[in-house]
Amino acid sequence: MTRERVLRVGILAWLTVVWILLWGTFSIANVLGGIVVGLLIMWLLPLPQVPVEGRVHLLSMVKLVWMIVFYAAQSSVQVAWLAVRPGPPPVTGVLRCKLGIKSDLVLTLCVDVLNLIPGTMVLEVDQARRAVYVHVLDVGTTKAVDQFYRTTRQLERLFIASFERDSEWQPAPWHLRDYDYHEEGREDRA
């Protein structure tokens, strides 16, 4: 089976599970109804094609999920402390972080994770330069800024290890077309 068919079967299975959960009971009728409704949704409301440019590595994925949970818990405690500690409010700021992630899909996942971590919010993504501009709640000390960059670098390494290792990464045809478009735009600006 091709990747596209595996993806379609996965989407159909997910829609069927959602249908069963909405009805609240597991029965043959609900399973068949979920399949029919899922097929109708996939036919009437097709999703845009998502480029799959690498392979998923389960062990790296487990590490990634663990680190996401750890960073979310750690920063929740830090945000709670900043809220109740005596003294002035923390110094906030916007930090720029260049990422080595190649795939737009993986970059989007990384931005979503950065937004889930309390105390950070991605304000802008520069797709051509692969840079994100993140509002950080506490940039009052060098230690706090360094901690943000360490966290971001760790997440970047884990996303690359989980989804786009150099030895297995194959850019989608339109990925190269978009890359060429951005490169032409840079030459025109120069």
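User: What should I know about the model before digging in?
Analyst: The model is predicted, so local features need pLDDT of at least 70 and side-chain atom pairs pLDDT 80 or more, while totals for chains, interfaces and linings use all residues. Residues are numbered from 1 along each chain as its sequence is written, and side-chain values use heavy atoms, with hydrogens and water left out.

User: OK, in what sense do β2 and β3 pair?
Analyst: Antiparallel, with 6 bridges between β2 (residues 120–126) and β3 (residues 131–136). Strands are DSSP E runs of at least two residues, helices H or I runs of at least four, numbered from the N terminus; pairing takes at least two DSSP bridges.

User: And which residue in β3 is the bridge partner of V122?
Analyst: V134.

User: What about the turn?
Analyst: The hairpin has 4 residues between its strands, and R130 in the turn has a positive phi of about 60°.

User: Switching to helices: which residues of α4 and α5 meet?
Analyst: From α4, V106, L109, C110, V113 and L114; from α5, T152, L155, F159 and F163. Contact means heavy atoms within 4.5 Å.

User: F148, buried or exposed?
Analyst: Buried, at 6% relative accessibility. Y149 is partly exposed at 27%. Buried means under 20% relative accessible area, exposed over 50%, partly exposed in between (1.4 Å probe, protein chains only).
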